[in-house]
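Come and read along with me.

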There are 2 protein chains.
Amino acid sequence: MIEKVDTYPIRVEPFHVDFTGRLFMGVLGNHLLNAAGNHSQRRGWGIGALNEQHYTWVLSRLCIELEEMPRQHEQVEIRTWVESVIRLFTNRNFAILRPDGTAYGYARSIWAMIDLQTRKPCDLFSLYDGDILRYVVDEADNVCPIAGHGRFRFRDAEKVRTIHTYYSDVDINGHINSIKYIEHILDLFPRERFEQQRIWRFEIAYKTEAYMGDTLTFYRQQAGPDEVDVEVRKNDNDVVCQAKICFK
Amino acid sequence: MIEKVDTYPIRVEPFHVDFTGRLFMGVLGNHLLNAAGNHSQRRGWGIGALNEQHYTWVLSRLCIELEEMPRQHEQVEIRTWVESVIRLFTNRNFAILRPDGTAYGYARSIWAMIDLQTRKPCDLFSLYDGDILRYVVDEADNVCPIAGHGRFRFRDAEKVRTIHTYYSDVDINGHINSIKYIEHILDLFPRERFEQQRIWRFEIAYKTEAYMGDTLTFYRQQAGPDEVDVEVRKNDNDVVCQAKICFK
């Protein structure tokens, strides 16, 4: 029988918590991506193996919903599995668990496989004769009880900040790293917001790559009493990513 | 016999490498501090135990010297030990090792123990009846073959950047986190610098704490052909930290 679900253990490190003593959302995102990378690597679908064949995984969407954010020194287990494959995309889910098996929360992500030469998405069913379908789990066994990815509509967003991008923002591909966007987006909020409220849901959709030296401009719109949408544009032009932050 | 040296294993994660595929200096710094925290925790000198008694460790200086920076996916072992204790300070060293035991490089650090109420340094010899001295290693067994911490002299430093500090910059104590300074300092250099050269020595001295919302101004001075000194001031006043970056 094929093992379809992996467990990735982490410990919440001192420099990975915010001033309230809770894990930074960006660092949690980083752990989720590592768990995902590990899971696919062990099944022959890792970036290393794919790169040799000129393919790579690209993260398209990520949403995280939490009852509680892990605290400094806590031991956390991330379970991850592939929920479904729809030709050009896979849906990968995550459970973020305490040692006793109860959940801090869950996450959903959508990934595309792109051809490094054409930069176009590939048909996942045709790659390796549809091998990836062997790893799709039965829904009944692994529930991800959070809402799927929503849609963004920016109408009256206000330009709130412009930043430059530097060496530390960039990943091995020379792109602004997906996690850094999360940091920069949460940096739009003042200290008081994090003192009085916590983020119970965070959603992000990645649209285009930005590069070191690009300018990022942040547009912000109130989507509900405790819900803020942020759109990030590069060089005040193309949309790079869009995010929704729900406080409670 | 008391075990005086600890080994802290890490794996170089994908989001922790720069565009050349090598570990970010700041992330390496973070791993070193975790290794240090672990080492002292296991000996009853951890921040948790100390906090209950109103003491905490404060990092005063860190210098790292590397023959090579670890690459993505590499397995790295950090060995750490206390070299000496001089009443108000401890000298803690690190070896950054490959699986075969050869060294990527070494690091030195200086720590003070402060009283959280008075914010003054404590006499380490009097705490717990000088227990800390039991952990000082014999020099012969653990060599740290890199130069000690140097002195900084800023004469004709040029103001090169001012940044604001936000939520992501701050640690659990509400201070700008020591690792973030390293990131912001290295962000002063253009892409070409990292394409053509590597950092073989990095040195930082922490002077005063800065807080979320403080403005950080960076002053830069050429200290040699491939050696740059950076001084960081908060709100264009107090010196927060000073760093030396040696390229090769």
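Here are my entries, one topic at a time.

**Ground rules**

I noted that this is a predicted model, where local features need pLDDT of at least 70, side-chain atom pairs count only at pLDDT 80 or more, and totals for chains, interfaces and linings use all residues. Residues are numbered from 1 along each chain as its sequence is written, chains are lettered from A and ligands numbered from 1 in the order in which they are written, and side-chain values use heavy atoms, with hydrogens and water left out.

**Salt bridges**

I reminded myself that side chains of opposite charge can pair when their charged atoms come close. My rule for a salt bridge was a side-chain nitrogen of Lys or Arg within 4 Å of a carboxyl oxygen of Asp or Glu. How many salt bridges does this rule give over all chains? I found a count of 40.

I looked up A:R61 and A:E203, whose side chains form a salt bridge with 3.7 Å from N to O. A:R61 sits in strand β2 (residues 55-66) of chain A and A:E203 in strand β7 (residues 199-206) of chain A, so this pair ties together parts that are 142 residues apart in sequence. For these names I used DSSP runs numbered from the N terminus, with helices being H or I of at least four residues and strands being E of at least two. Are A:R61 and A:E203 buried or exposed? I found both of them buried; the cut-offs are under 20% relative accessible area for buried, over 50% for exposed and partly exposed in between, with a 1.4 Å probe and protein chains only.

Next I turned to A:R87, which makes a salt bridge with A:D123, their closest N and O atoms lying 3.7 Å apart. A:R87 is in the loop between β3 (75-86) and β4 (89-97) of chain A, and A:D123 is in the loop between β5 (103-115) and β6 (158-164) of chain A, so the pair ties together parts 36 residues apart in sequence. A:R87 is partly exposed at 43% relative accessibility, and A:D123 is partly exposed at 25%.

I also checked A:R233, which pairs with A:E231 in a salt bridge at 3.3 Å between the closest N and O atoms. Here A:R233 is partly exposed, with a relative accessible area of 25%, whereas A:E231 is buried at 7%.

One more entry on this topic: A:R22, A:E68, A:R71, A:E74 and A:R98 are linked in a network of salt bridges.

**Two chains, one axis**

I laid chain B on chain A and got an RMSD of 0.0 Å, by a turn of 180° and a shift of 0.0 Å along the axis. That is the relation of a two-fold axis. In chain B, the C-alpha nearest the axis belongs to B:I163, 4.9 Å from it. The superposition was by least squares on the C-alpha atoms of residues with pLDDT of at least 70 in both copies.

**Where the chains meet**

I counted 36 residues of chain B in contact (heavy atoms within 4.5 Å) with 36 residues of chain A. Of the interface residues of chain B, 100% are also interface residues in chain A, so the copies meet through the same surface.

How much area do chain B and chain A bury between them? I noted about 3,300 Å², 55% of it on carbon and sulfur atoms. B:F15, B:Y167 and B:I172 supply 25% of the area that chain B buries against chain A, more than any other three residues. Buried area here is the accessible area (1.4 Å probe) that two parts lose on being put together, summed over both.

Between chain B and chain A I found 2 salt bridges. One of them joins the side chains of B:K180 and A:E183, at 3.0 Å from N to O.

**A buried serine**

Last, I looked at B:S109, which is placed in strand β5 (residues 103-115) of chain B. B:S109 is buried, with a relative accessible area of 1%.
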